[in-house]
Amino acid sequence: MKRLAIAPHRLYFFLGALAALILFVWWWRQVVSQTMAVPLHALVMPLGIFPLFILGFTFTAGPRWLSVESADHYFLLHGGTYFCGLLLVLVAAGLGWYPLRTAGFVLMLAAWLAVTWRWGDLIRRSKALDKKHPVSILIAMLGGMSALLAAVFWSAGDNDAWQVAREFSFFGFLLPVFLTVSHRMLPFFSSNVLKPYVAWRPYWLLGVWLGGCWLLVLAGITGWRYLEAFSASVLSLSFVVTSWRWGIFRSLQNRMLAMLHLSFAWLAVVFGLQAAGALGVAVGSASIHALGLGFMGTMLVAFVSRVSYGHSGRPLQVSNSLWMVYLGLHLAAMLRIVASLLVIPSLLTVSATVWLLLITIWIAMMLPVYLKARADGQPG
C-alpha cells in the first residue's frame with residue numbers, strides 16, 4: 001500500500017476506482033429494488049466518481065504543463081478526506097441521518113478547496129508562457145467548489161440548491177475539465193500515432209466550448225430554454241467538425257487512440273439530444289445520461305487506462321479484454337439512453353447491470369497497476 005504515496009495518480013486513481021465501484025453498486029441495488037434516491041444520485045455520481053480521477057491526472061500532468069515541481073504529499077490528506085466525505089454521504093443517506101450527510105458534503109468541499117488552492121499556487125509559481133489550459137482547469141475547479149457548496153445547502157434543506165449543484169457539477173465543472181484536457185491531449189496523442197498528422201487545436205475553439213458550458217449553466221438555473229437550445233446546437237455542431245478534423249476514422253488504426261476519439265464522438269449526440277429536449281422533444285434524461293455515461297464514463301476508462309499504462313511503464317496497448325469492456329460500456333450507455341427515450345424501465349435495470357459488471361472488470365484490471373512497481377523499473 002505504501003506505493004500509493006509515491007505519486008499523485010496512484011492514490012487518486014486508486015481511490016477513484018474504489019469510489020466508482022461503490023457508487024455503481026449502490027445505484028444498481030437501488031435500481032433493482034426500485035427504491036431510487038434520484039436527487040442524491042444526480043449529485044453523488046458526478047461529484048463522487050470523476051473528481052478523484054481528475055485530480056490524479058491534473059497533479060501528474062499539470063506540473064509538467066507548468067514546468068514546476070510538485071514534490072509534496074498533501075495528496076494523501078486531500079484524497080483521503082474527499083473519499084471519506086463521500087462514504088459519509090452514502091452511509092448517512094442510507095441511515096436517514098441528514099445532518100451527517102451534510103457533514104460528508106462539507107468534508108468533500110473542504111478537500112476540494114484545498115486542492116483548488118494548491119493548483120492555483122502551482123499556476124502562480126509557474127513561469128510558463130502559455131497557461132491557458134491550466135487556468136481553464138482552475139476555473140472549472142472553482143465551478144466544482146460551487147457545485148459542492150450548493151450540495152451542502154441542498155443537503156441542509158434548501159431544495160432550490162439542488163438544481164444549482166446539478167448544473168455546476170456537469171456544465172460548470174466536469175465538462176469544462178474534460179474539454180480542456182481533450183483540447184490539449186487528443187491532438188497530441190494523435191500526432192504521436194498517426195503519420196502524417198497536423199495537430200488542430202485553436203484556442204478560439206476551446207473558448208467556444210467553455211463559453212457554451214457556462215451558457216448552459218445559466219440556462220439550466222434560469223430555465224431559459226431557447227438559450228439552452230442555441231448553446232447545445234452550437235456545441236453539437238462544433239463537436240462534429242472537431243471529430244472530423246481530429247481524424248476519428250484514422251484513429252481506428254490504433255485501439256488506444258480510438259478509445260479516446262470514439263468517446264469524444266459522443267458529444268455531438270449529447271448536445272443534439274439536449275437541444276431537442278430544450279425545444280420540447282420528449283427525450284427524458286437521455287441527454288444527461290449520454291453525457292455522464294456515454295461521453296464521461298467511456299472517456300474516463302479510455303484516459304485513465306492510457307495514463308495508468310503509460311505511468312506504470314507498461315506498453316500502450318489495448319488487450320482484447322480491455323477493448324471488449326470498453327465497447328461494452330458504449331452499449332450499456334446506449335441502452336440507458338433508449339430506456340429514457342422509449343420509457344422502458346426494464347432497460348434501465350439491464351443497462352445498470354451491464355455497466356456494473358463491465359466497470360467491475362475494468363477496475364479489477366486497473367487496481368493492481370497502482371499497487372505494483374513500474375514495469376520498466378523507473379521511479380513513479
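Biologist: Is Ser190 buried or exposed?
Modeller: In this predicted model, Ser190 has a relative accessible area of 0%. Buried means under 20%, so Ser190 counts as buried.

Biologist: Where does Ser190 sit, and what is Ser190 in contact with, leaving aside neighbours within four places in sequence?
Modeller: Ser190 belongs to helix 6. With those sequence neighbours set aside, the contacts of Ser190 are Tyr197, Trp246, Leu257 and His261.

Biologist: Switching to pockets. What volume does the largest pocket have?
Modeller: About 630 Å³.

Biologist: How many residues line the largest pocket, and which lie nearest its centre?
Modeller: The lining has 29 residues, and those nearest the centre of the pocket are Trp27, His41, Met45, His289 and Leu293.

Biologist: How does the lining divide into nonpolar, polar and charged?
Modeller: There are 21 nonpolar residues, six polar and two charged in the lining of the largest pocket.

Biologist: Which helices each supply at least two residues of that lining?
Modeller: Helix 1 (8-33), helix 2 (38-66), helix 6 (161-193), helix 11 (286-310) and helix 13 (345-371). Helix 6 is also where Ser190 is placed.

Biologist: Now the largest nonpolar core. Which residues touch the most other members?
Modeller: The core has 135 residues, and Leu175, Phe271, Leu291, Phe303 and Trp362 touch the most other members. Helix 2 gives the largest share of this core, with 16 residues.

Biologist: Take Trp362. What is Trp362 in contact with, again leaving aside neighbours within four places in sequence?
Modeller: Trp362 contacts Phe53, Leu300, Val301, Val304, Ser305, Leu322 and Val325, once those neighbours are left out.

Notes. Residues numbered from 1 in each chain as written. Predicted model: local features only at pLDDT ≥ 70, side-chain atom pairs only at ≥ 80, totals over all residues. Heavy atoms only, no water. 1 Å grid on protein atoms, 1.4 Å probe; cavity = no way out; pocket = protein on both sides within 12 Å on 5 of 7 lines; lining within 4 Å. Points joined across faces, edges and corners; volume = space filled by probe spheres on them. Helix = DSSP H or I, 4+ residues; strand = E, 2+ residues; numbered from the N terminus. Nonpolar A, V, L, I, M, F, W, Y, C, P; charged D, E, K, R; others polar. Buried < 20%, exposed > 50% of the residue type's maximum accessible area, 1.4 Å probe, protein only. Contact = heavy atoms within 4.5 Å. Core = buried A, V, L, I, M, F, W, Y, C linked by side-chain atoms within 4.5 Å.
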